[in-house]
Amino acid sequence: MNPRVPSVAPLEAIHQFDLTLQYEAIGGEVRRAVERVLASQQLVLGQEVLALEKELSTFCGVTHGIGVASGTDALILALRALNVYAGDEVLIPTLTFVATGSAVSALGARPVFADVDPGTLNLDVADVRRRITPKTKAVIAVHLHGLAADMDPLNEIAKERGVPLIEDNAQAIGATYKGRRTGSLGSIACISFYPTKNLGAAGDGGMIVTGSADLDARLRMLRNHGQASRYISTECGWNSRLDEIQAAILRVKLRHLPDWQTARQRNAAKYSKLLAGVDGIRTPIVPDGYEHVFHQYTIRCDRRDALQKFLGERKIGSTIYYPMPLHLQPLYRDLGHKPGDFPNAERVAGEILSLPMYPELSEERIERVAAAITEFSRG
Ligand SMILES: Cc1ncc(COP(=O)(O)O)c(C=O)c1O
């Protein structure tokens, strides 16, 4: 090394998401929970799953929880429990993760898309009204990025039409709408425990929560080969069961969830304060009466791709959730949509960028991200 050149500490990468700090903090509790399950050798649908079903449904403000193998399975099983079959239509937002649509398609049903509100990024209620048809068997509202959809008018439409309203609550566990938690705002709600979610397992997992004892009973059969009693099946179901190890880990994490949520909200407030007034940047909105849980902190920027590149060059991770609305996906080419069909979703898909966000994200890192965005805006 040349002694005359002062050494500069290399710039530390700021990942968009990082679970290692969480594991450092709660690793002991997690390992004890896993050991408890291994010692019992009860590995699938046992006491841990039953306890998690009770604890998480109570957290959401409903009476029943049914553990399944993933958030996608939760959607598929919920749709079937609500009697969605081949040829039926299910109305969903076009700006969502593909699983919302592919769960509908997996049953041979047809997703019918609706546009989103450009402010909240959630279902545009007026467009739902326009696109609902007599063939619509259910509506799925996605609570994107941690903010609840506008559930009161959506429930009104669903009620008028006599169709159930499903919450895709993969991203907004703990969020509230007019004082009530997501998971309790429709007929039934589907939760994902994919590791990156606000309540993430050490692998795949999911849960359906509902206030209906009838749906609970049907779902318990559907997740276990349609068995009404041991080895007697009354309908075609699935193998979609939750493992005891995942349930035990999730029970540990559920106890920390309120603190993690507060930390996410604190981080979001810090970002919003630092980015307020930065030219060309729009920070996420939180309408009155909503509590956002910031699964993602998503800004909008007309020069989004250039901004993402600029941040990447400064070792700051960012992700686009999601760059292509479902109606333009090759998967749904057969539905015959074209660019321009859902103008809000298409526009925001070109502008949104999710910044680093996790509970342990330090203030100093948030400041570095905000400073880089400010520098980009000035340049
Ligand atoms: C909005 C949305 N719906 C459904 C899913 C599917 O969940 P999973 O990955 O657990 O199948 C996810 C997450 O991946 C999601 O973000």
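1. Tyrosine 177 is placed opposite tyrosine 290 of strand 13; strands here are DSSP runs of type E with at least two residues, and helices are H or I runs of at least four, both numbered from the N terminus. The model is predicted, so local features need pLDDT of at least 70 and side-chain atom pairs pLDDT 80 or more, whereas totals for chains, interfaces and linings use all residues. Residue numbers start from 1 along each chain as its sequence is written, and side-chain values use heavy atoms, without hydrogens or water.

2. Strand 6 (residues 176–177) pairs with strand 13 in the antiparallel sense over two bridges; pairing requires at least two DSSP bridges between the strands. The open, antiparallel sheet has three strands in the order 7-6-13. Strand 7 (180–181) and strand 13 (290–291) each have a single partner strand, so one side of each lacks a neighbour in the sheet.

3. The ligand is surrounded by 15 residues, counted when a heavy atom lies within 4 Å. The closest are Gly71, Thr72, Asp168, Ser192 and Lys197.

4. Ligand oxygen atoms lie 2.8 Å from a polar backbone atom of glycine 71, 2.9 Å from a side-chain N or O atom of glutamine 171, and 2.7 Å from a polar side-chain atom of serine 192. The protein buries 93% of the 380 Å² that the ligand exposes when taken alone (Shrake-Rupley method, 1.4 Å probe).

5. Leucine 38 belongs to helix 1 (residues 20–40). Its relative accessibility is 41%, so leucine 38 counts as partly exposed (between buried, under 20%, and exposed, over 50%; 1.4 Å probe, protein chains only).

Note on methods:
A polar contact is a pair of N or O atoms within 3.5 Å; within protein, one must be able to donate a hydrogen and the other to accept it, and residues adjacent in sequence count only if both atoms are side-chain atoms.
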